[in-house]
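Subject: Structure handover

Dear colleague,

Here is the structure you asked to have passed on. My notes on charged side chains and on one helix pair follow below it.

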Amino acid sequence: VERRQYFWRRAVTDKGQFRVLDEPFYQPQGNEVALYEAAYAARLPVMVKGPTGCGKSRFIEYMAWRLGKPLITIACNEDMTASDLVGRYLLDANGTRWLDGPLTTAARIGAICYLDEIVEARQDTTVVIHPLTDHRRTLPLDKKGELLRAHPDFQLAISYNPGYQSLMKDLKQSTKQRFTAFEFEYPAAALEIAILAGESGIDTVTAEQLVNVGAAARRLKGHGLDEGISTRLLVYAATLIRAGVSPREACRMALVRPITDDRDIRDTLDHAIDAIFA
């Protein structure tokens, strides 16, 4: 009984710890909010695909806030092991004790577990999520000898950038076909202007100029740039301008220097900035 009470008290604490208390700013691009709500109501796992900085993580955070559910985010990397997700035994003064990993914690307390950039993790690591993504909704804790049945509120969400896929970094079809999916792109110009104004508080004229800089850079994708200027970077530039930095300096600092070391591409974008903010 004491053990059950301990885990219950810890679950209550963890839920409060992982709540998204303040509404994240999110500007819908279509009907993705209603579609996500439908997926959550059915407890279907969700995959969000799209280029860098287009709002994938913000969307998941916003939906966790809107649904009133805890959110546990895991930044995937190639060194991550199944134990990093599930948990492991640790040594302490009293011997060994089990420490739940973030995936196990989410399944216990009924959180949304978000695996960001899942293709960065090894395929032999990501297969551990499979039993949680079908009718079983279970997580085998082999080292502990426990079969954890996910909390009724638990949902799994993943994201990745299809532009960075390769033969070595791609999801198996056996993983992909366990998810419903959203495909994000950078917002249309009018919507992106509204996002910059809403997120940073700058005026719409300056926001439009920044969006024009972003459009100029995105046209260079595949012609010297691996990726265009993201909406996230445009927000960074808008934030600097709002703080009193000149638009040209803000654009060079937030938009051009982070994305390229190629002098010719950099000069091209600098000239575009000078023309737009003439």
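A residue is called buried at under 20% relative accessible area, exposed at over 50%, and partly exposed in between (1.4 Å probe, protein chains only). This is a predicted model, in which local features need pLDDT of at least 70 and side-chain atom pairs count only at pLDDT 80 or more, while totals for chains, interfaces and linings use all residues. Residues are numbered from 1 along each chain as its sequence is written, and side-chain values use heavy atoms, with hydrogens and water left out.

Salt bridges

A salt bridge here is a side-chain nitrogen of Lys or Arg within 4 Å of a carboxyl oxygen of Asp or Glu. The whole structure has 19 of them.

Arg 136 pairs with Asp 134, with 2.8 Å between the closest N and O atoms. Arg 136 counts as partly exposed because its relative accessibility is 39%; Asp 134, at 22%, also counts as partly exposed.

Asp 153 has a salt bridge to Arg 43 (3.2 Å, N to O). That pair links distant parts of the chain, 110 residues apart: Arg 43 lies in the loop between helix 2 and strand 1 (46–49), and Asp 153 in the loop between strand 7 (146–149) and strand 8 (155–160). Helices (H or I, at least four residues) and strands (E, at least two) are DSSP runs, numbered from the N terminus. Asp 153 also forms a salt bridge with Lys 69, the closest N and O atoms being 3.3 Å apart. Here the partners are 84 residues apart, with Lys 69 in the loop between helix 3 (56–67) and strand 2 (71–75). Both Lys 69 and Asp 153 are buried, whereas Arg 43 is partly exposed because its relative accessibility is 23%.

Elsewhere, a network of salt bridges links Arg 248, Arg 252, Arg 257, Asp 270 and Asp 274.

Glu 32 belongs to helix 2 (residues 32–41).

Regards
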